[in-house]
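Here's a quick briefing to read alongside the model. Keep the sequence and the 3D view open as you go.

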Amino acid sequence: MRIKIQKSLAPNLVSQILVPIFAVLASLLFCAVFFALTGRDPLEVYYAMFAGALGSEYGISETFVKMIPLALCGLGIAVAFRMHLWNIGAEGQFYMGACAATWVPLSFPDWPFALMIPAMIIMGALAGGLWGLLAGWFKTKWQVDEIISTLMMNYIGILWVDFLVYGAWRDPGGKNFPLTAAFPSAAMLPTFGSLRVHYGIFFVLIFATVFWIIFKKSKWGYETLVIGSNPVAARYAGINIKRNILLTMFISGALCGIAGMVEVSGVVGKLQPGISPGYGYTAIIVAWLARLHPIAIMGVAFLFAIIHVGGFMLQTMGMPSATATMLQGAMLFFVVGADLLTKYEIKFVGRKVGEKND
Amino acid sequence: MAGLPLISMRNIVKRFPGVTANDQINLDLYSGQIHALLGENGSGKTTLMSILTGLYRPTEGVISVEGKEKKFTSPRDAIDSGIGMVHQHFKLIESFTVAENIALSQASTSFLISQETVIEDINKLGEKYGMSVNPRSYVWQLSVGEKQRVEILRMLYRNSKVLILDEPTAVLTPQETRELFLNLRKMADDGCAVVFISHKLNEVLELADKITVLRGGKVAGCFDRSDTNRYGLIEMMIGREIKVAYSSKKEQTIGETVLEINNISALNDVGTLGLSGMSLKVKAGEIYGIAGVSGNGQRELAETLAGLRPTTCGNIKFYGEDITDMSPKDMIERGISYVPEDRLGMGLVPNLNACENVMLKEYDKPKYSEGWRIKENAAIKATKAIVEKFDVRLGSIFQPVKMMSGGNLQKLLLGREIASKPKLMIVLYPVRGLDIGAIESVHKLILQLKEANTAIILVSEELEEIAELADRVGVIFSGKILGEFPIGDLDIERVGSLMAGVVEDKGEPI
């Protein structure tokens with residue numbers, strides 16, 4: 001008798017849903033060991049985390065505030081990943097979107113809300129989209145690997161914002177802090193009552209639904225799926241691959257750009273360095289764990305937002321801020337590892353001669 | 001030959017699910033000999049050599065090295081027994097230097113490797129066999145011929161006694177080929193056993209001391225060079241019992257000219273001429289069979305017709321319209337259907353289900369879509385119709401097609417193409433890898449399409465298949481049609497020699 005791992009022919013739906021859930025629980029268990037080793041009661045730690053994130057109106061509001069950019073960037077990333085275009089430039093596209101959106105209230109502070117917000121959305125989407133498109137253009141023109149170009153363009157985007165807020169866009173009345181002037185209230189997304197959670201949540205709901213339908217029902221969704229699964233067959237079927245690379249990179253970047261716009265307009269109210277604590281990177285994990293499914297992305301983004309907000313609570317208990325990062329890492333590790341269980345099945349077989357050695 | 005064989009393979013059987021790739025094969029390799037393995041694609045040459053190099057374990061059979069029985073459980077075991085192979089696709093690391101690539105293969109050296117010693121050794125070996133390569137250059141800087149030299153040097157550096165080369169001349173210029181042959185002879189003279197895999201007769205006859213012909217996974221014959229001739233080998237390769245059954249083809253009027261290819265050339269994947277001066281005409285309701293050893297431009301021809309491969313000269317006319325170098329989409333829209341040999345690699349998307357595959361080439365036609373939206377129900381209906389009409393057996397039309405068997409995949413693929421009502425269809429090796437039942441139904445489908453007045457180009461390596469289906473036969477060799485025959489005058493001997501590139505009576509060929 002020996003154990004044989006073979007490719008499972010039909011991944012069934014139940015295991016596809018249950019396995020990630022068990023993987024997340026396993027990662028919590030795994031981290032609990034570390035908490036125990038450092039002399040903390042794991043239950044107490046997790047309780048503090050979840051209670052911090054979900055136990056109060058304030059906590060829930062903060063969790064949604066974190067979830068919004070994660071989900072929007074996650075959606076943008078999923079659009080590209082579905083086509084096997086590895087856009088890891090969400091962070092840079094986020095910054096460019098935030099920056100272009102900021103330009104509107106800085107230049108036209110007197111515009112009314114009904115003009116200001118749509119203009120900011122369009123500018124954010126355009127800037128993020130063009131930033132993504134540029135990497136797509138490099139790829140179609142000179143076969144530049146989009147992983148490299150999008151990654152490097154992240155730094156350009158981040159530093160470009162620094163350049164502006166330390167220089168031309170610095171608020172003259174801001175006591176020399178690297179900040180732009182605060183937005184007029186017409187440039188701010190409404191919030192729910194006195195809480196920080198803002199109407200950006202509707203962007204998430206709308207875009208997730210729209211892209212869910214696009215992925216499932218549209219010609220474009222079908223084209224990108226075919227290109228992602230078998231580019232040779234896509235070419236054979238007459239699908240224009242170059243055009244789709246450009247379009248997909250633009251839309252992917254535009255979504256991340258909108259995330260940036262939503263962040264400055266809904267939360268920060270001005271442009272400043274470090275407006276994103278790495279949302280664009282965390283969103284890669286979010287999209288991947290959600291298997292690029294738009295609805296699942298909302299759920300996973302919410303889970304990661306809990307960890308993020310709960311992580312702050314842990315810091316007040318005197319635990320390092322890296323705790324949240326460790327949890328995220330463990331989750332990725334376990335969920336990706338558990339993929340083996342959905343893609344392969346484990347069989348116990350008798351020994352046979354002459355099997356392929358692979 | 002006297003003495004103990006260096007390698008002896010006895011009764012080797014290798015079964016893959018559904019196929020017996022090697023069936024009771026015996027092969028003896030002696031030092032000092034160049035042994036050619038001759039056979040068409042799919043005849044089991046590469047499988048046999050993969051067994052010898054430890055990549056596969058045989059289902060049955062014994063391998064002995066210098067009389068001692070060995071069991072190879074990994075390529076490392078084979079390397080340790082002095083067996084080396086140069087694969088058709090080189091296994092070199094492009095961003096390493098030549099010396100690094102060669103040193104890499106030497107897993108048994110000590111932890112520290114002296115670059116200088118390796119370089120010195122490489123230079124010595126290179127000088128000895130006239131295969132100079134600069135050990136310090138990076139592999140990506142080298143030409144294809146030089147890369148091959150690195151592969152050979154690597155085998156020699158490992159002290160391999162058995163050198164296996166899989167289609168080594170496919171990527172070489174005639175001059176490089178001559179050099180390679182001289183070098184291989186030198187190595188044999190130094191006591192190596194050289195195995196040369198090829199389907200090119202001329203080269204085999206020029207180089208080999210001993211020739212083993214494989215056909216359908218079995219040894220069709222094994223001779224000394226001096227005991228054989230070209231025609232004997234051709235017969236053996238393509239099978240001697242060609243029963244030309246002029247079958248129950250319905251008499252049918254052949255219509256107007258659909259396709260006219262004038263003198264086109266196109267590059268193949270390695271950048272040499274895959275097609276050179278190819279011309280042919282096909283009429284409506286006619287099946288034009290292309291016979292030939294695969295790798296002579298068949299795929300390149302099909303891909304230029306599908307808009308997947310640009311031509312370098314010449315033109316293609318379709319119903320009088322010049323369609324040279326149009327896009328795949330334009331070709332599909334004109335009703336040109338290409339059924340590729342690689343079903344899962346090109347014709348279908350393995351991870352998508354049957355419905356999604358059925359609409360692959362027509363997803364943006366009104367048949368399957370409306371504005372931005374895909375009409376899912378239309379795709380499901382069409383798929384069910386194809387499944388029923390073409391008797392495709394599958395678990396569910398919503399399962400990924402990679403789970404289907406080869407025959408059913410082919411039926412689904414052909415079904416999709418036929419359902420699109422093409423005006424011209426080019427089919428490559430439609431029955432490769434299928435069992436008898438599936439072969440018959442695929443043939444019926446092709447004949448039905450002919451009755452629907454479609455012009456068909458049928459590319460096959462089975463002469464029987466062509467004889468049974470085609471109205472006219474063209475023999476392809478080195479990227480052009482060397483001779484054409486109406487099916488009534490099919491002269492198997494002539495076809496066979498044309499397939500080997502021999503045009504004996506020079507005035508004659510059409």
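Two strands count as paired if DSSP finds at least two bridges between them, and helices (H or I, at least four residues) and strands (E, at least two) are DSSP runs numbered from the N terminus. With that in hand, chain B has an open sheet of six strands in the order β16-β19-β20-β13-β21-β22, with mixed pairing.

This is a predicted model, where local features need pLDDT of at least 70, side-chain atom pairs count only at pLDDT 80 or more, and totals for chains, interfaces and linings use all residues. Residues are numbered from 1 along each chain as its sequence is written, while chains are lettered from A and ligands numbered from 1 in the order in which they are written.

- The predictor gives the complex an ipTM of 0.80 and a pTM of 0.74.
- pLDDT is the predictor's confidence in each residue, from 0 to 100; chain A has a mean of 88, with 92% of its residues at 70 or more.
- Chain B averages 84, and 91% of its residues score at least 70.
- Two stretches of chain B to treat with care are residues 240-246, where pLDDT is below 50 and the model has nine contacts beyond near neighbours in sequence, and residues 506-510, also below 50, with five such contacts.
- Here a contact means that the C-beta atoms of two residues, placed from the backbone, lie within 7 Å.
- In chain A, pLDDT stays under 50 over residues 351-358, for which the model has twelve contacts beyond four places in sequence.
- Where pLDDT is low, the predicted coordinates should not be read in detail.

- Strands β13 (residues 287-291) and β21 (residues 472-477) of chain B run parallel and are joined by four bridges; B:Y288 has B:R472 as its bridge partner in β21(B).
- α9(B) lies across β13, β16, β19 (424-428), β20 (455-460) and β21 of chain B, at about 150 degrees to β19(B).
- For such angles, axes are lines fitted to C-alpha atoms, for helices over the stretch in contact, and values run from 0 to 180 degrees between N-to-C directions.

**The four-stranded sheet of chain B**

- Another open sheet in chain B has four strands, ordered β12-β11-β14-β15, with antiparallel pairing.
- Its edge strands are β12 (273-283) and β15 (321-322) of chain B, each pairing on one side only.
- Strand β11 (residues 257-267) of chain B pairs with β12(B) in the antiparallel sense over seven bridges, and B:T257 has B:K283 as its bridge partner in β12(B).
- Helix α9 (residues 298-305) of chain B lies across β11, β12 and β14 (313-318) of chain B, at about 65 degrees to β12(B).

**A covered helix in chain B**

- Seven of the eight residues of helix α1 (residues 45-52) of chain B are buried, including B:L48, B:M49 and B:I51.
- Buried means 20 or more other C-beta atoms within 10 Å of a residue's own, exposed means 12 or fewer, and partly exposed is in between, with C-beta atoms placed from the backbone.
- After α1(B) comes B:G54, with a positive phi near 80 degrees.

**Chain A**

- Chain A has 13 helices and two strands.
- Its radius of gyration (taken over C-alpha atoms) is 22 Å, close to the 21 Å that the globule rule gives for 358 residues, so chain A is as compact as a globular protein of that length.
- That globule rule is 2.2 Å times the number of residues to the power 0.38.
- Buried residues make up 45% of the 358 residues in chain A.
- A:W169 sits in the loop between α6 (146-166) and α7 (200-217) of chain A and is partly exposed, with 19 other C-beta atoms within 10 Å.
- Leaving aside neighbours within four places in sequence, A:W169 contacts A:L106, A:L164, A:T180 and A:L271.
- A:W169 and A:L106 are 63 residues apart in sequence but 8.4 Å apart in space, C-alpha to C-alpha.

**Where the chains meet**

- The contact takes 21 residues from chain A and 32 residues from chain B.
- On the chain A side, α8 (219-229) and α9 (231-236) of chain A each supply at least two residues, and α8(A) gives the most, with five.
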